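Welcome, and thanks for taking a look. Please keep the sequence and the 3D view open side by side while you read.

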Amino acid sequence: MELVSQHVKGIMEECKIRARDAGLRFDDETLEYIVTNRDLIELSPKVMIPTLYDYWVHDVKVLSGKGMYEAYPSNPFETVINTRPAISYYNDNNPDWLNVMIFYHVLAHIDFFQNNLFYKNTWDIDIAGQALADKRLIAQLRSEKGRWLDYVIEFARGMDNLVGFHRDLNRTLSQGRRHKFNRTDFYFDLFLQKIKSVPQHIYLKEISRYNQCAKDKQDFFIQVTGQYPEFDELFRKEKNQAAQPERDIMEYILRYSPFLRKEENEWMKSVIHIIRNTSLFFQPQIRTKTMNEGWASYWHENLFLKDDRICGHEADYAKINASVTAMPKVGLNPYALGMRLFEHIREMEDKGCYSFDYVRLNDEVLRKKFDRKKNTGRKFIFTVRENMDDFSFINTFLDQEFIDRHKLFVAGKRLNNQRMTWQYYIKSKKAHDYKKMIINSLYHPPDISIAEDKTKDGILYLDHRFENKPLKQAFIENTLIGIAFLWGGPVHLETSEPKTVAQPGAGYANFWDPSASGTSPEPEEIPIQWQRVRYVIKDRKLHRQEL
Amino acid sequence: MVTLDELLERDKKREQDGFKRKIRIGQIAKPGSGGREKIIVVPTTVEEKLVHDDISFRQQQEGEGDPTGGTGDGQEGDVIGEQPVRPEQGEGEGEGDGEGPGEGKGGEHEIEANAYELGKVLSQDFELPNLKDKGKKKALARYVYDLTDKNRGVGQILDKKATLKKIVETNMSLGNIPDVSTIDTTRFIVSPQDLIYRILSREKEYESQALVFFVRDYSGSMGGKVTQAVVSQHVMLYSWLVYQYEKQVETRFILHDTEAREVSDFQKYYSYKVAGGTKVYTAFKLVNEIVEKENLARDYNIYVFHGTDGDDWEKDGKQTLAEIEKMLTYVARIGITIVEHAYVGSKQTEVEKYINRSGILTKHSHLIKMDVMAENVDDSRIIQGIKNLIS
């Protein structure tokens with residue numbers, strides 16, 4: 001691992017100037033390293049942070065990565081990490097023109113890291129330095145505690161997807177300016193309109209009375225509670241309901257675990273903190289993959305095509321660019337999808353299509369001709385890159401126009417019994433279905449929160465809000481054993497599972513032979529029935545109870 | 001860098017602390033030119049968390065794969081491509097010519113070298129049961145290590161008696177012992193060459209030759225973890241045989257869905273997938289036919305290991321049982337592994353039911369064993385399964 005040569009660094013600095021002119025914003029300092037593919041194999045289990053703490057799972061991954069590389073050698077162009085200064089890794093021996101293209105790609109990544117609001121909590125952390133300090137602490141603890149240190153890492157990592165990323169982000173972004181739900185809000189927004197459904201003139205009268213009271217410094221609510229004696233009680237109930245359930249399982253355990261509170265277990269807290277902070281640091285990256293890659297591909301294309309250094313390498317570029325950003329015939333490529341979606345958004349906004357007038361148009365021809373010549377698309381995509389994550393990006397902008405333009409479809413795969421083949425077919429060309437498929441593939445940890453009313457008598461009670469996807473059953477036992485270890489008592493997990501049907505799919509096909517008779521049986525449409533179950537871990541034994 | 005052995009050693013210690021082991025031995029198939037695949041043995045581990053399950057129940061019922069994205073012309077419902085379900089030998093794997101015997105052998109050698117490593121990792125206390133002396137076509141040698149050989153000068157243990165004899169001998173020829181009735185040992189000259197040591201040496205134990213049939217259900221129902229478990233177990237068995245018997249065991253590979261076929265090597269055996277129904281008897285029948293045609297029973301101890309999810313279209317198993325009965329007349333051991341799908345629950349599969357009902361397990365308890373496990377098994381359970389099958 002070494003820094004790039006002065007010559008290459010010169011190319012990078014030149015790219016920075018042009019990228020800034022195009023509107024990208026990033027810090028002055030960046031670090032570029034040349035690494036070998038073998039280095040990358042060792043870096044990738046450590047999420048590319050060279051100073052991340054040591055852990056045996058990383059070693060296992062390095063060993064299997066080496067085996068994988070032997071079987072399927074790959075040659076990644078670049079990897080950027082969200083540090084300050086931003087560090088990027090390159091493959092050896094790239095020609096200069098290719099470096100120009102790659103640097104534009106990297107600079108757009110850095111721009112994304114440093115401007116997208118989902119990264120806000122990472123902006124003030126020096127992750128490389130922090131990781132080094134953590135690594136030293138963990139090494140020291142390992143020398144004292146032996147393999148128990150690794151168990152604590154394992155158990156903490158077992159729940160590091162259950163952190164309050166959005167809540168923490170919300171806190172930072174609102175900076176305490178968050179509006180607290182108060183009696184006035186409740187009275188005017190809910191109580192009068194929803195609960196009492198008073199006619200409009202009474203509502204307006206109450207508002208003027210409220211203003212009058214504020215002016216005279218009188219208590220507005222004396223009359224309210226006199227008129228509606230149930231008001232205070234209803235307000236109290238509503239307030240309790242509005243309080244969000246605790247979703248940050250890690251933080252809850254750190255704060256309330258009786259086991260961790262013991263003096264001899266204090267050291268575990270620092271380990272869990274390290275794991276939690278590392279997880280939080282990478283949350284925005286997982287949640288903006290499509291956007292981030294799309295943004296970088298969009299800009300390397302836009303900037304490089306206008307750059308004079310492309311001269312003489314147009315065909316080479318076209319070949320490499322196609323291998324990165326072509327839409328596969330069957331399959332998904334987030335680079336390609338994100339890039340095209342950014343282009344699409346810019347054009348739609350240029351024409352003013354994100355407007356009421358356009359949405360209201362039903363005539364296909366008029367829709368196609370629609371152009372308000374707003375030309376605000378460029379500015380608009382910068383707003384999108386600042387404020388959105390993959391979900392809102394795709395959910396908001398992936399429309400039928402986009403699908404039709406790029407001839408996208410959902411590809412299905414089914415078994416043809418006559419020919420004994422897998423058939424790929426066009427399952428749907430509707431934006432709705434395509435969007436649903438993409439959104440289903442996005443990172444989405446299960447919504448598990450602490451049921452505070454049931455967390456008592458030493459029991460930690462976790463409640464999984466069911467979103468039509470069951471939990472991976474095979475992982476439940478070991479994960480709960482880990483959580484129970486750190487909690488120091490029994491852990492209950494409530495979730496939903498399909499009702500056991502006797503041998504689904506096997507029963508009806510047994511009597512005859514589809515390959516002989518040639519047609520396939522009509523699949524029986526059995527709607528899945530879900531039922532709540534409770535998993536209980538006690539003394540490292542798992543029990544399952546149907547509720 | 002941490003080595004595989006160190007990682008496995010550490011993993012073993014987890015059990016002392018009351019936790020399950022986490023490292024599995026995985027395999028990566030490396031595609032080679034001319035269909036020569038190579039298997040690379042790597043450790044794998046899964047970091048378990050509470051996550052959504054990625055299978056969708058509905059699709060599984062319809063016999064449909066997961067949908068993905070696509071680009072191109074066409075209307076909804078148009079078929080855009082096909083892929084054969086059952087890979088045919090010599091096609092579908094991008095291999096055209098070049099499967100000449102010379103090249104094929106090269107590939108085989110590579111997997112065996114790696115399998116040898118895996119076998120070494122596995123414990124050595126397995127042993128093939130019911131080995132009988134049969135013919136002399138090819139001697140199967142087991143190796144044991146013992147301090148039997150003697151060596152002058154260096155070695156592991158000094159053989160005092162032999163050394164003393166040698167010293168006396170040397171000194172006699174030197175004339176240092178003029179009178180044998182009064183020996184003055186202080187005048188002895190001791191040459192380093194007189195020191196006799198015992199050294200660790202490899203002893204061949206000649207035993208009879210063995211032929212192992214690996215039989216695997218590769219039908220549609222075998223998706224996912226079930227196949228993983230069966231293949232894992234057979235990889236281990238195979239690796240152990242390669243290691244323990246120094247590649248002297250002959251192996252044959254049979255795959256079946258509604259019909260059975262023999263494949264030429266372990267890579268194909270382990271990597272092929274299809275989606276079809278299941279007729280277990282076809283596989284046993286094919287084994288019987290091969291044994292009869294090639295007259296193998298005379299010269300070999302025959303072992304048959306069969307892995308399945310227990311699904312069989314032939315519910316009563318009449319034909320399967322008939323084939324098994326036939327097989328029992330010549331085999332040294334049949335080992336049947338049933339890996340149950342999580343949704344089936346225990347004691348539910350056809351194969352398990354009809355085998356239990358037939359009573360052959362008790363009648364021929366030394367010849368046939370069955371092991372039933374769930375699909376979410378870990379490596380230690382799989383190894384335990386091997387022990388059951390060859391006990």
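What follows is a short tour by topic: sheets, salt bridges, a helix pair and one phenylalanine.

This is a predicted model in which local features need pLDDT of at least 70 and side-chain atom pairs count only at pLDDT 80 or more, while totals for chains, interfaces and linings use all residues. Residues are numbered from 1 along each chain as its sequence is written, chains are lettered from A and ligands numbered from 1 in the order in which they are written, and side-chain values use heavy atoms, with hydrogens and water left out. Helices (H or I, at least four residues) and strands (E, at least two) are DSSP runs, numbered from the N terminus.

**The four-stranded sheet in chain A**

- In chain A, four strands make an open sheet with mixed pairing, in the order β1-β2-β4-β3; two strands pair if DSSP finds at least two bridges between them.
- At its edges are β1 (2-3) and β3 (78-81) of chain A, each of which pairs on one side only.
- β1(A) and β2 (residues 30-35) of chain A run antiparallel and are joined by two bridges; here E2(A) sits opposite I34(A) of β2(A).
- Helix α1 (residues 6-21) of chain A lies across β2 and β4 (86-91) of chain A, at about 140° to β2(A). Such angles run from 0 to 180 degrees between N-to-C directions, and the axes are lines fitted to C-alpha atoms, for helices over the stretch in contact.
- Helix α4 (residues 96-115) of chain A also packs on the sheet, where it touches β2, β3 and β4 of chain A; its direction makes about 20° with that of β3(A). Contact means heavy atoms within 4.5 Å.

**The six-stranded sheet in chain B**

- Chain B has an open sheet of six strands with mixed pairing, and its order is β10-β9-β8-β11-β12-β13.
- β10 (260-263) and β13 (368-374) of chain B are the edge strands; each has a single partner strand, so one side of each lacks a neighbour in the sheet.
- On average, and ignoring direction, neighbouring strands of this sheet are turned by 20° against each other.
- Which way do strands β11 (residues 301-308) and β12 (residues 333-340) of chain B run, parallel or antiparallel? They run parallel, joined by six bridges, and G307(B) stands opposite T337(B) in β12(B).
- Helix α9 (residues 318-328) of chain B lies across β11, β12 and β13 of chain B, running at about 145° to β12(B).

**Salt bridges**

- Over all chains, the structure holds 57 salt bridges, each being a side-chain nitrogen of Lys or Arg within 4 Å of a carboxyl oxygen of Asp or Glu.
- D168(A) and R171(A) form one of them, with the closest N and O atoms 4.0 Å apart. The two residues are three apart in helix α7 (residues 165-174) of chain A, which means about one helical turn between them.
- D168(A) counts as buried at 16% relative accessibility, whereas R171(A) is partly exposed at 45%. Buried means under 20% relative accessible area, exposed over 50%, and partly exposed in between (1.4 Å probe, protein chains only).
- A network of salt bridges links R167(A), D168(A), R171(A), D248(A), E251(A), R255(A) and R276(A).
- R405(A) bridges to E347(A), the closest N and O atoms being 2.9 Å apart. R405(A) is in helix α22 (residues 400-405) of chain A and E347(A) in helix α17 (residues 334-350) of chain A, so the pair ties together parts 58 residues apart in sequence.
- In chain B, K166(B) forms a salt bridge with E169(B), the closest N and O atoms being 3.5 Å apart. Both lie in helix α4 (residues 160-174) of chain B, three residues apart, about one turn of the helix.

**A helix pair in chain A**

- Helices α8 (residues 183-195) and α9 (residues 200-216) of chain A pack at about 165°, with their axes 11 Å apart.
- Residues T184(A), Y187(A), F188(A), L192(A) and Q193(A) of α8(A) meet Y203(A), E206(A), I207(A) and Y210(A) of α9(A).

**F282 of chain A**

- F282(A) is found in helix α14 (residues 266-287) of chain A and is buried, with a relative accessible area of 13%.
- Not counting residues up to four places away in sequence, F282(A) touches V47(A) and I49(A).
- F282(A) and F165(A) are 117 residues apart in sequence and 9.9 Å apart in space, C-alpha to C-alpha.
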